[in-house]
Amino acid sequence: MSARVDAQALAWLSRGYSVAWVAARLGVPEGRVRAAAEREARRIERGGRPRRGEGADGRA
């Protein structure tokens, strides 16, 4: 999944859309959307660096 698709999936998931809806909208398998969400959750748990464009508190 490209970084742009990954970011869009995470944005929609954070707004409460279902994994199935996001996967259908982006045209990718549900497993890839779930994997992206799990990677992001692990990054947050580790206290990893914010993604580019985000502040230390995670806000854009």
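This is a predicted model: local features need pLDDT of at least 70, side-chain atom pairs count only at pLDDT 80 or more; totals for chains, interfaces and linings use all residues.
**View 1. Helix α3 along its length.** Helix α3 runs over residues 30-46, and its 17 residues reach 24 Å from the first C-alpha to the last, which is close to the 24 Å expected at 1.5 Å a residue. Just after α3 comes G47, a residue that takes a positive phi of about 75°.

**View 2. The buried and exposed residues of helix α3.** The residues of α3 that count as buried are V33, A36, E40 and R43. Because these residues cover an arc of only 85° around the axis, they are placed on the same side of α3. On the other side of the helix, E45 and R46 are exposed.

**View 3. What covers the buried residues of helix α3.** The buried residues of α3, V33 and E40 among them, have a cover that includes two helices, namely α1 (3-14) and α2 (19-26).

View 4. L13 lies in helix α1, and it counts as partly exposed because its relative accessibility is 21%, whereas the cut-off for a buried residue is under 20%. When residues up to four places away in sequence are not counted, L13 touches S18, V19, V22, V33 and A37.

**View 5. The pair L13 and V33.** Although L13 and V33 are 20 residues apart in sequence, their C-alpha atoms are 9.0 Å apart in space. V33 is one of the residues that L13 touches, and V33 is also one of the buried residues of α3.

Note on methods
Residues are numbered from 1 along each chain as its sequence is written. Side-chain values use heavy atoms; hydrogens and water are left out. Helices (H or I, at least four residues) and strands (E, at least two) are DSSP runs, numbered from the N terminus. The expected span of a helix is 1.5 Å times one less than its number of residues. Buried means under 20% relative accessible area, exposed over 50%, partly exposed in between (1.4 Å probe, protein chains only). The arc is that of the directions from the helix axis to the C-beta atoms. Contact means heavy atoms within 4.5 Å.
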